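Here is a short report on a protein model.

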Amino acid sequence: MNFDGLMVSVSGVRGRVGDALTPEVMATFAAAFGAWATARHPGRPIVVGRDSRVSGPMFTRVVHAALESVGCTVLDIGMVPTPTVQLEVEHHHAAGGLAITASHNPIEWNALKFIGPSGLFLSAAEGAEMRALLETGIPRAPWDRLGAVVRESQAIQRHIDAVLALPFLDVAAIRARAFPVALDCCHGAGSEIMPALLDALGCTVSAIGMTADGRFPRPPEPVAENLGDLSALVRSSGAVVGFATDPDVDRLALVDEHGRAIGEDYTLAMAVRAVLPSRPGRVVTNLSTSKVVQDAAHDHGAEFRFAPVGEVNVALAMREAGATIGGEGNGGVILPELHLGRDAPVAIALVLHLLATTGKPVSAFVTEHPRYVIVKDKLDRPDVPLDTVYAALRARFPDAVADMQDGLRLDWPDRWVHLRPSGTEPIVRVIAEAPSDEAARQLVADAREPLSLLAGVS
Ligand code: MG
């Protein structure tokens, strides 16, 4: 089969609908996953859920049939957040789960994401084992051992109940505040769970983007520049906070009470500040996460650790560290007490808990702490090994703490720079964060220098 143009990663495959991502491709990967998962856990079901994308129903039918062809029982939970699929895999002791979602990618994309029996995305080793079936052949079931599809309608309610049942979450205090809030689900899969959760938390909700038809009216990534309509809604409705989720509801971004989109990094920083007073412990983020999260951990005396970029890498590092909370600076909050996956409903509950228990407005969590500027850049990958580049940079900055888990990160008390080769393009990504734009740009320039010299570019 031709996989040209398809982006195949450890825990998923994605592509443009009508181009690289065809029903044939989806069927092949779904069948391989089903055969792999069922061989390891015979007799257990596979959970299938999807986001709101236009191609979602078509690919769901394909995925169902492919899983039936390898003898799996399919638990179809409908249009749900990706973290709901992860939770349902655990709830049903399933052999695994498939989420049909391209997350925050543009409207023409879709994807299949592979979830293992513990509710985590597949690790590199598991993904390689599963994809080996594409070479050796997928074992199909004979006519009398085909699978079947069972509908399951309680998944979203179970997710909401699980969030509300978090022992440290002060639901009464949140409800007592009766917060007016604004919400933008960008026509994604959050349109059912988010208003229901906010209602259960006693909030009055003003909302946009609630038609879950996948026809995104703006780029669906919840970065600050895409949240103009939510900012306007916060101002016009008098909300104390604005919440924006991506189409599969694992990332949450915030708008403050003045209508300012404060940037996704603050979601995890605020979640850390919400959790640590009742749950002291370790905090883990990926190496490209803003220092505002590290500062939040340090303010509460928590040990802080880095993990390589990639959700499953963070989840695995959190499991190993026994972390209390962690995630990614892109608005991905992971609370292991619920499950080891990025979860926007959990993030919303934690942010409201923080507002209710501190009595502070959202803007205070920006203005009361050190502020930073992040600058991102990318360069052509040099012909020389990147280790040579890293060694040159380490020699040039002997005062920095170096982390080599995933590319090179150099750390100072108030700034850092991270160089990392892209997994899908022949480029090196450079991210720097410092107290000022000028200082962050200087760090990027410093990092570029050995790259340029060694690559023979002036
Ligand atoms: Mg997502």
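The text below takes the metal site, then the domains and their interface.

This is a predicted model, in which local features need pLDDT of at least 70, side-chain atom pairs count only at pLDDT 80 or more, and totals for chains, interfaces and linings use all residues. Residues are numbered from 1 along each chain as its sequence is written, and side-chain values use heavy atoms, without hydrogens and water.

**Metal site.** Four protein donors hold positions 2.0 to 2.1 Å from the magnesium ion: Ser103 (OG), Asp246 (OD), Asp248 (OD) and Asp250 (OD). Donors are N, O and S atoms within 2.8 Å of the metal (3.2 Å for Na, K and Ca); water is not among the atoms, so sites may look incomplete. Along the chain, the donor spacing reads S-x142-D-x1-D-x1-D. Asp246 is buried at 0% relative accessibility. Asp250 is also buried, at 1%. Buried means under 20% relative accessible area, exposed over 50%, and partly exposed in between (1.4 Å probe, protein chains only).

**Domains.** The bounds come from an automatic or database domain assignment.

| Domain | Residues |
|---|---|
| domain 1 | 7-153 |
| domain 2 | 158-367 |
| domain 3 | 373-457 |

**Interface.** The C-alpha centres of domain 2 and domain 3 are 29 Å apart. In contact (heavy atoms within 4.5 Å) are 11 residues of domain 2 and 15 residues of domain 3. One salt bridge is counted between these domains. A salt bridge puts a side-chain nitrogen of Lys or Arg within 4 Å of a carboxyl oxygen of Asp or Glu. Asp411 and Lys291 form a salt bridge through their side chains, at 2.9 Å, N to O.
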